[in-house]
Amino acid sequence: MGTGRLGLLLDQFDTTRERAQVRLTGLGDEEYLWEPVPGSWSIRRRKEATTPRAYGPGDWVIDKGAPDIPAGEYAEVSRQAAAGMTVAKIADDWSVSVERVEQILGRTGPPEPDRTAVTTIAWRLGHLHSQFAGGWEWTFGERRRDPRQMVDFTPSAALALDRFWADVDCWRDSVAGVTDEQLDTVGFSQYPYGSDPDDPFVDVLWGTNLEFIHHMAEIALLRDLWQARGSSRA
């Protein structure tokens, strides 16, 4: 295991990548697009998209609904407020209204029930792919292209994985060359959808690892549910 901040973060990332690649072995198209419940968020042909903010550059787009903050992220909202972010900045960060942030922070009554959508493996993988591709562009690239227009979504699981791992490895290779000074630089990443421009890069790396881990865990669970579908209790 590496020592120092970057070494530890890279080791964590590499371990996650290794386990995730093994866990995704054998993923087929039907499983990749399987909807655990009707209306799950997924990737769809542009003309068939039903969510109001679905995005992508090609014929296939990834679902994105009206902006909200999932209940699982309320603690992150509280952390942002405790760290000094204004309510207006938090609202802009999450693309929600100031009133919604006030509600989640408990300043205007209890928050509404979580409306997080159930998703397919295709959605989880596509969401992660957009973040890695956009994260590289806005940290090590030209800082020009919209992250939501960088991934050509596909109904082919094999093709999606090939493209995904290529961008993951590109991110990892660039991160490996970051200096201690760059780790502490606020705004070293200018990724436009989130708080990256206001955070030291070491915090961005920590958050990227966490995102990678939790989405891959969700994909692993979806694979288990796929295998168990239609089974009944003995």
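Student: Which ring does the charged end of R148 sit over, 5.6 Å from its centre?

Tutor: The charged end of R148 sits over the ring of Y55. A charge sits over a ring if NZ of Lys or CZ of Arg is within 6 Å of the ring centre and within 35 degrees of the ring normal. Please note that this is a predicted model, in which local features need pLDDT of at least 70 and side-chain atom pairs count only at pLDDT 80 or more, while totals for chains, interfaces and linings use all residues. Residues are numbered from 1 along each chain as its sequence is written, and side-chain values use heavy atoms, with hydrogens and water left out.

Student: And what about Y193, how far is R148 from the ring centre there?

Tutor: R148 lies over the face of Y193, at 3.8 Å from the ring centre.

Student: Switching to ring pairs: how many aromatic pairs are there?

Tutor: There are 15 aromatic pairs in the structure. Rings of Phe, Tyr and Trp (its six-membered ring) pair if their centres lie within 6.5 Å; planes under 30 degrees apart count as stacked, over 60 as edge-to-face and the rest as tilted.

Student: Why is the pair of F132 and W171 edge-to-face?

Tutor: Their planes stand at 65°, so the pair is edge-to-face, and the ring centres are 6.3 Å apart. The pair links distant parts of the chain, with F132 in helix α6 (residues 121-137) and W171 in helix α7 (residues 157-175), 39 residues apart. Helices (H or I, at least four residues) and strands (E, at least two) are DSSP runs, numbered from the N terminus.

Student: Is F132 buried or exposed?

Tutor: F132 counts as buried, at 3% relative accessibility. W171 is buried as well, with a relative accessible area of 4%. Buried means under 20% relative accessible area, exposed over 50%, partly exposed in between (1.4 Å probe, protein chains only).

Student: New topic: which residues of helix α4 are buried?

Tutor: In helix α4 (residues 87-94), the buried residues are V87, I90, A91 and D93. They fall within an arc of 160° seen down the axis, so they line one face of the helix. The arc is that of the directions from the helix axis to the C-beta atoms.

Student: What covers them?

Tutor: The cover over the buried residues of α4 includes α3 (74-82) and α5 (98-104); contact means heavy atoms within 4.5 Å.
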